[in-house]
Structure formats: structure tokens, C-alpha cells
Amino acid sequence: MSNAKNIVLQAAGELFGDKDPSAVDRWVAANYKQHSALAADGPEALRGLVGSLGEDFSYDGDRVIADGDLVALHGTYHGFGPDPLVGFDIFRVDADGKLAEHWDALTPLVKDTVSGRSQTDGPAAATETDRTEANRALVVAFAEKVLVGADYSVLTDYISTETYHQHNTEAADGLEGFGAAAAKWAEQGKNLIYKKVHKVIAEGDFVLTQSEGEFGVPVAYYDLFRVADGKIVEHWDVIAPVPAELPHGNGLF
């Protein structure tokens with residue numbers, strides 16, 4: 001396990017598992033930069049957030065992906081509001097081993113999905129770590145040509161025609177399921193428009209992209225892909241609207 005992954009897991013456990021505001025002193029850099037819509041900039045705002053968490057707050061983690069100084073968490077928050085929220089969190093760990101920057105995207109938990117898969121189930125541990133860079137390159141090319149470039153004629157160059165497990169709540173498994181969902185969204189005035197990929201975080205067969213675009217309204221796209229034998233075979237996502245105002249000046253990205 002990478003040092004950055006260890007740091008983030010221990011820090012997140014103390015902050016959001018133990019709900020211990022003093023963990024900010026141990027784990028958070030003085031110049032902590034916040035991109036979340038839930039908190040203002042700096043360690044004191046994080047301390048206030050942790051201190052405000054109620055007894056009913058909990059976090060169920062499903063995946064952790066580490067790539068250099070960036071660590072992504074995928075899981076479900078309970079107690080932030082009346083309904084559970086599925087989220088991706090990205091932390092940057094600085095040279096001193098402190099949490100220095102944070103991005104996230106949250107969406108309501110949906111119990112009845114089109115595919116029958118939940119928003120977080122499926123393989124959890126990264127495998128084939130010797131394939132990280134090849135898998136990163138595949139997803140980067142897919143993002144550039146298909147997501148941003150909107151060239152769907154090359155879709156099967158990147159996504160398996162045999163196995164494509166879908167965790168988006170409104171799409172069925174397989175390329176046909178994705179196509180049917182995309183057509184339905186277009187009818188609703190919600191075309192999948194990707195304008196820029198801001199981050200790519202890869203570990204083994206998992207590759208997470210953080211992108212900016214539109215889905216009827218301006219949104220942040222967090223797409224997690226699992227790659228096997230040179231093709232994308234599974235997809236999880238969070239599509240979060242960009243708020244009109246943020247409690248800081250750092251932007252979502």
C-alpha cells in the first residue's frame with residue numbers, strides 16, 4: 001500500500017470515522033485548499049465540519065485508488081442529509097505527509113437502478129498493477145476521443161462489446177444499455193457534454209477521471225472505469241451539478 005494511501009485512510013478514519021476535530025492538527029496542512037461545495041477553505045473550516053457531524057453520521061468506503069500524491073475514495077455517506085450520498089473524494093498529500101487539497105462530488109443513493117447494480121458494488125481492490133500506465137493511456141484516449149471529442153464511432157475500440165457492467169443508475173449493462181440511456185437523456189435535453197478532463201487517477205485496473213461539462217446544466221463528472229484485457233469492462237460515476245456559489249474561491253476543479 002502506498003504511503004499516500006495509508007495517510008489518507010488513517011486521516012479519513014480519524015476525521016470522519018471517529019469524528020475527531022483534533023485530527024485536523026495531526027493530518028491537515030496549514031494551507032489546506034478546499035474545492036468541495038460543503039466547506040470553506042483552510043483547516044479551521046474542516047475542523048468545524050467534522051465537529052458538526054451528528055451521531056447518525058457514518059461513511060462506508062468501497063474503493064481507494066492511489067496515484068502518486070493523489071488518493072481517491074469511493075463510498076457512501078450517511079447523515080450528511082436526510083438521504084445517503086454516494087461520493088468520490090480526491091485528496092492530495094503533500095511532501096510532509098499532510099492532506100493539502102481536496103475535491104469531491106456527491107449524488108443521492110438510488111435503490112432501484114436500471115442495471116440492478118448498486119452505485120458502489122463490484123470489484124473493490126485494484127489488480128494488475130503492472131498494467132497501470134497502459135490502462136491510464138487507454139482511458140485518456142477514450143476520454144479525449146469519445147467523451148470530449150464525441151466520436152462514438154470508435155466506442156468499441158475502448159469499451160468491451162462482451163462485458164460492460166454499468167453502475168450509472170439510469171443505464172442498463174452493455175453498450176446497448178448505455179446507448180438507450182444516452183438517447184433518453186437527449187430527449188430530456190440532457191446531452192452528455194464533456195468539455196475538459198481535469199484529472200486522471202490510475203491504479204492497476206481502476207482509472208478515475210474528473211471532468212467538467214454539461215448535463216442539461218453545468219456539472220462535474222467523476223467516472224471510474226475498470227479495465228480488463230485492454231478494454232473498459234465496468235463503469236461507476238457521480239454527476240454533480242456545479243453550484244452557483246461556493247464557500248471559497250477555488251472552484252470545483
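**Reading aromatic pairs in a predicted model**

Reader: What share of the contacts in the protein chain with a separation of 6 or more comes from residues 24 or more positions apart?

Author: In this predicted model, such residues account for 54% of the contacts with a separation of 6 or more. The protein chain holds six helices and 10 strands. Its radius of gyration is 18 Å, close to the 18 Å that the globule rule gives for 253 residues, so the chain is as compact as a globular protein of that length.

Reader: How many aromatic pairs are there, and what describes a pair of aromatic rings?

Author: A pair is described by the distance of the ring centres and the angle of the planes. Here the count comes to 11 aromatic pairs. One of them joins tyrosine 194 and tyrosine 221, with 3.9 Å from centre to centre and 15° between the planes; this pair is stacked. Distant parts of the chain are linked by it: tyrosine 194 belongs to strand β7 and tyrosine 221 to strand β9, 27 residues apart.

Reader: Is tyrosine 194 buried or exposed, and is tyrosine 221 buried or exposed?

Author: Tyrosine 194 counts as buried because its relative accessibility is 7%, under the 20% cut-off. Tyrosine 221, at 0%, likewise counts as buried.

Reader: Which geometry do the rings of phenylalanine 206 and tryptophan 236 have?

Author: Their centres are 5.9 Å apart and their planes stand at 65°, so the pair is edge-to-face. Phenylalanine 206 lies in strand β8 and tryptophan 236 in strand β10, so the pair ties together parts 30 residues apart in sequence. Both residues are buried.

Reader: Which residues form one aromatic cluster?

Author: Phe16, Phe57, Tyr59, Tyr77 and Phe80 do.

Technical notes:
Residues numbered from 1 in each chain as written. Predicted model: local features only at pLDDT ≥ 70, side-chain atom pairs only at ≥ 80, totals over all residues. Heavy atoms only, no water. Helix = DSSP H or I, 4+ residues; strand = E, 2+ residues; numbered from the N terminus. Rg over C-alpha atoms; globule rule 2.2 N^0.38 Å. Contact = heavy atoms within 4.5 Å. Phe/Tyr/Trp six-rings, centres within 6.5 Å; stacked < 30°, edge-to-face > 60°. Buried < 20%, exposed > 50% of the residue type's maximum accessible area, 1.4 Å probe, protein only.
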